[in-house]
Amino acid sequence: MHTRTGKISASSVRAAALLTLSGALLAACGGGGGDGGTGPAPNLSVGGTLSGLNGGSVVLRNNGANDLTVNANGGFTFGNQIANGASYSVTVATNPTNPAQTCTVANGSGTASANVSNIAVTCTTNTYTFGGTVSGLGTDKSLVLSNGTVTLTANANAAFTFASA
């Protein structure tokens, strides 16, 4: 075996040390992109449950712009997602009209830190009353009044009221 002996130059030692130090620094970095390797926060969905809808549809609105038409009771989710930490505000943009209903929103606003699924929209059918006053009804006379569903008999001059859905 042949062995070579000689001097190693100072510049060779510095170059080897610099390469070793550079490699150690790169290994310590880990290549994670600076955020611990978790990546950007995901966008989050906003939704909930609709109940009480009795035909027709209701239009829900998130943050004043993102409209969603819902035609049936059950779960709903807006098409546009929001960023983690962003606020949401769900309102009723248009109530159902056939039959006329009023819908209310519970848990409709907040700041999202996970997918939002606890918004509750409840619709109730509007009720109306109508009536009037019977006057000029003679003694021993009666008047039968009907709204098509309910029949009332007026036996004297008096006010009457029908309740209607």
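## Strand pairing in the sheet

Two strands are taken to pair if DSSP finds at least two bridges between them. In this predicted model, that criterion applies to strand 2 (residues 46-51) and strand 5, which run antiparallel and are joined by 4 bridges. Within this pairing, G48 stands opposite F76 in strand 5.

The two strands belong to an open sheet of 4 strands, whose order is 5-2-10-8 and whose pairing is mixed. Strand 5 (74-77) and strand 8 (101-106) form the edges of this sheet, each of them pairing on one side only, and from one strand to the next the twist averages 25 degrees. In general, the strands of a sheet pair through backbone hydrogen bonds, and they may do so in either a parallel or an antiparallel manner.

The link of C103 and C123 is right-handed, with 105 degrees about the S-S bond. Because C103 lies in strand 8 and C123 in strand 10 (residues 116-125), the pair ties together parts of the chain that are 20 residues apart in sequence.

N66 lies in strand 4, which covers residues 66-70. Is this residue, N66, buried or exposed? Its relative accessible area is 13%, and because the cut-off for a buried residue is under 20%, N66 counts as buried.

When residues up to four places away in sequence are left aside, N66 touches L60 and R61, and it also touches F78, G79 and N80.

## The chain as a whole

The protein chain has 1 helix and 14 strands, and of its 165 residues 21% count as buried. Among contacts between residues at least 6 apart in sequence, 54% join residues that are at least 24 apart.

The accessible surface of the protein chain comes to about 10900 Å², and carbon and sulfur atoms account for 53% of that surface.

Technical notes. Residues are numbered from 1 along each chain as its sequence is written. This is a predicted model: local features need pLDDT of at least 70, side-chain atom pairs count only at pLDDT 80 or more; totals for chains, interfaces and linings use all residues. Side-chain values use heavy atoms; hydrogens and water are left out. Axes are lines fitted to C-alpha atoms, for helices over the stretch in contact, and angles run from 0 to 180 degrees between N-to-C directions. Buried means under 20% relative accessible area, exposed over 50%, partly exposed in between (1.4 Å probe, protein chains only). Contact means heavy atoms within 4.5 Å. Accessible areas come from the Shrake-Rupley method with a 1.4 Å probe; for residues, only the protein chains shown count as cover. A disulfide is a pair of cysteine sulfur atoms within 2.5 Å.
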